[in-house]
Amino acid sequence: MAFELMPLPYNSDALAPAISAETLSFHHGKHHKAYIDKANAAIEGTDMADDSLETVIAKARGTNQGLFNNAAQSWNHGFYWCSLAAESGHPSDELGAMIDEAFGSLDDLKAKLADRGAGHFASGWVWLAEKDGKLSIEETHDGDTLADSGFNPLLTIDVWEHAYYLDHQNARPSYLKAVIDTKLNWGFASDNLARGSAWTYPA
Ligand code: MN
């Protein structure tokens, strides 16, 4: 079963002006699609052809870097689309209490996410994640993922330049501020926490 390019869970103009329809069109229709197409081409005719995306990621980690990069980027982008929303909403009571315990307040968490994202060297991902009942901010480089990490990822932000260059040019902090202030999907994060296991890419 080939993996599919999951549709965006909102209209392409839903995240503007933080992320424009033009950026989403390229990021989803070109970048994400290319990762999916390359992952599908790499598993076609192999014993991984019927595996889930999460299984392919775990099998390819450390053994097939090319496949790993494309499979992990396929997963990361699906998770990223869900991590964003036209309206941020609010963390659940459970998530809100854990945020207060780990970071002091939601505003403190937002500031730390912005700092970590701005400070991340070159391409990668910044995550809010849960493990053993505690929240933390994690970073992965290039195409690396938390999908098979033992963390329960709650939210992610893409800090590759292709995520923001058309809208913010080289000003990654401007992109981060706009996304973190207005477009993070706290309902999705709350659902991920309540489920207690990592999100899975739609089959
Ligand atoms: Mn990307």
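Along the chain, the donors of the manganese ion follow the spacing H-x49-H-x80-D-x3-H. In this predicted model, those donors are His27 (NE2), His77 (NE2), Asp158 (OD) and His162 (NE2), coordinating the ion at 2.0 to 2.1 Å. Aromatic rings are the other topic here, with twelve aromatic pairs found in a search of the whole structure.

**Around the metal site**
- Histidine 77 belongs to helix α3, while histidine 162 sits in the loop between β3 (152-158) and α6 (165-168), so this pair ties together parts that lie 85 residues apart in sequence.
- Both histidine 77 and histidine 162 are buried.

**Aromatic pairs from helix α3**
- The pair of tryptophan 75 and phenylalanine 79 counts as stacked because the ring centres are 5.1 Å apart and the planes meet at 15°, under the 30 degrees set for stacking.
- These two residues share helix α3 (residues 65-83) and are four residues apart, about one turn of the helix.
- Tryptophan 75 is buried, as is phenylalanine 79.
- Tyrosine 80 and tryptophan 125 make an edge-to-face pair, with 5.9 Å from centre to centre and 80° between the planes.
- That pair links distant parts of the chain, since tyrosine 80 is in helix α3 and tryptophan 125 is in strand β1 (residues 124-131), 45 residues apart.
- Tyrosine 80 and tryptophan 125 are both buried.

- A cluster linked by ring pairs takes in Trp75, Phe79, Tyr80, Trp81, Trp125, Trp127, Phe188, Trp199 and Tyr201.

**A charge over a ring**
- Lysine 131 lies over the face of phenylalanine 151, 4.7 Å from the ring centre.

Conventions:
Residues are numbered from 1 along each chain as its sequence is written. This is a predicted model: local features need pLDDT of at least 70, side-chain atom pairs count only at pLDDT 80 or more; totals for chains, interfaces and linings use all residues. Side-chain values use heavy atoms; hydrogens and water are left out. Rings of Phe, Tyr and Trp (its six-membered ring) pair if their centres lie within 6.5 Å; planes under 30 degrees apart count as stacked, over 60 as edge-to-face and the rest as tilted. Buried means under 20% relative accessible area, exposed over 50%, partly exposed in between (1.4 Å probe, protein chains only). A charge sits over a ring if NZ of Lys or CZ of Arg is within 6 Å of the ring centre and within 35 degrees of the ring normal. Donors are N, O and S atoms within 2.8 Å of the metal (3.2 Å for Na, K and Ca); water is not among the atoms, so sites may look incomplete.
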